[in-house]
Amino acid sequence: MMLQLFVPLNVLGVVYRGLQYALADMDLVLRLLERTPEIQDKPDAQALVVKQARIEFRDVEFAYLPERPILRGISFTVEPGSKVAVVGPSGAGKSTLSRLLFRFYDVDQGQVLIDGVDVRDCTQTSLRDALGVVPQDTVMFNDTIRYNLAYAHPEADDERVAEAARRANLDTFISELPQGYETVVGERGLKLSGGEKQRMAIARVVVKDPPIIIFDEATSSLDTRSEQAILEGMNAVARRATSLVIAHRLSTVVDADQIIVLDAGRIVERGTHEQLLTGGGLYADLWNMQAAAEE
Ligand code: ATP
């Protein structure tokens, strides 16, 4: 218990520039705080070597609290290089899937596999090196745009950072700032909009260049233009990786290779956008509801 209480204080304590380089990924560190302490490497854990980047959930059952099952009998595969989107009502268990892939929690039954290797058999460091996340809330440091994009990768040169910004659809925005990449952002600097922050998060992942990317979309609604800018950024990034999109806005899932519809912890439908719309089930209902709300 004491340990649990001290971890957040410690992490906050070390957040100053000199030590930030030691942190592989600040978003990840913050996420680790919600992790249960019993997650540990097995004594014989192997470093995960990602060759194809296939993700598989096999008959996964999971509950945070024993009396309240959250995921039941979840099986799906994200083929190498493809994009799978998970949709469903609030509380259905969508974000829980990404937490299990990161192994912030262990499944109760079944397996989560990457290239056929159970994530419980890998070292946590190698697992997290293989995964990139575009989180719902991105942490920004009071520092330059350049620093914010590359802090976890001090070896990244200007060209790599600029390329990441270009792919995330941020380059025009940055070039229009009087100080460009040297503009200070964050609480004491330029306040970025929700959409700009999300594109910064996408650019960060491009700098990392992991074989697997999880997009955990923000729930907040965005105007159509910034939504479009994010979509283009996501697609440019996703083309090179295997991606799992935890979707809150259905506009981002239309082009997914497979859409998985979760409801109360079970997969109730799966297919492409067209197949699911034609099917007239829960997905079609969600789609029609969102379309009506937008009008
Ligand atoms: P949303 O669309 O609202 O983000 P979601 O489908 O992503 O929802 P999850 O975040 O996966 O839903 O949560 C699924 C269920 O698990 C919710 O009922 C939530 O209250 C519960 N839950 C999430 N985290 C915890 C936790 N750490 N301890 C206990 N219950 C939790």
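Lying across rests on contacts, meaning C-beta atoms, placed from the backbone, within 7 Å.

**Ground rules**

I am working with a predicted model, where local features need pLDDT of at least 70 and side-chain atom pairs count only at pLDDT 80 or more, while totals for chains, interfaces and linings use all residues. Residues are numbered from 1 along each chain as its sequence is written.

**Overview**

I noted 12 helices and 12 strands in the protein. These are DSSP runs numbered from the N terminus, helices being H or I of at least four residues and strands E of at least two. Of the 295 residues, 35% count as buried. Buried stands for 20 or more other C-beta atoms within 10 Å of a residue's own, exposed for 12 or fewer, and partly exposed for in between, with C-beta atoms placed from the backbone. I also looked up contacts between residues at least 6 apart in sequence: 73% of them join residues at least 24 apart.

Pairing takes at least two DSSP bridges between two strands. Strand 6 runs parallel to strand 9, and four bridges join them. I picked out V133, whose bridge partner in strand 9 is I214.

Strand 1 (residues 55-65) and strand 4 (residues 109-114) are antiparallel and joined by five bridges. Across that pair, F57 stands opposite V112.

I then zoomed in on I74, which sits in strand 2. I74 counts as buried because 26 C-beta neighbours lie inside 10 Å. Leaving out residues up to four places away in sequence, I74 touches F57, V60 and I267. L97 is 23 residues from I74 in sequence and 9.4 Å from it in space, C-alpha to C-alpha.

**Around the ligand**

Which element gives the most residues to the shell around the ligand? I found helix 4, with three. Strand 1 and helix 4 each supply at least two. The residues around the ligand include Y64, L65, K94, S95, T96 and H248, where being near takes a C-beta atom, placed from the backbone, within 6 Å.

**Helix 10**

I checked the length of helix 10 (residues 224-238): its 15 residues should span 21 Å at 1.5 Å a residue, and the end C-alpha atoms are 20 Å apart, which agrees. The expected span is 1.5 Å times one less than the number of residues. Its buried residues are A229, I230, G233, M234, V237 and A238. Seen down the axis, they fall within an arc of 160°, so they line one face of helix 10; the arc is that of the directions from the helix axis to the C-beta atoms. Exposed T224 and R225 are on the face turned away from the buried side of helix 10.

**Helix 7**

Buried in helix 7 are V161, A164, A165 and R167. Their arc of only 165° around the axis puts them on the same side of helix 7. The face turned away from that buried side carries exposed D158 and E159. N169, with a positive phi near 65°, follows helix 7.

D59, in strand 1, has a positive phi near 50°. A264 lies in the loop between strand 11 and strand 12, with a positive phi of about 45°.

Key: Contact = placed C-beta atoms within 7 Å.
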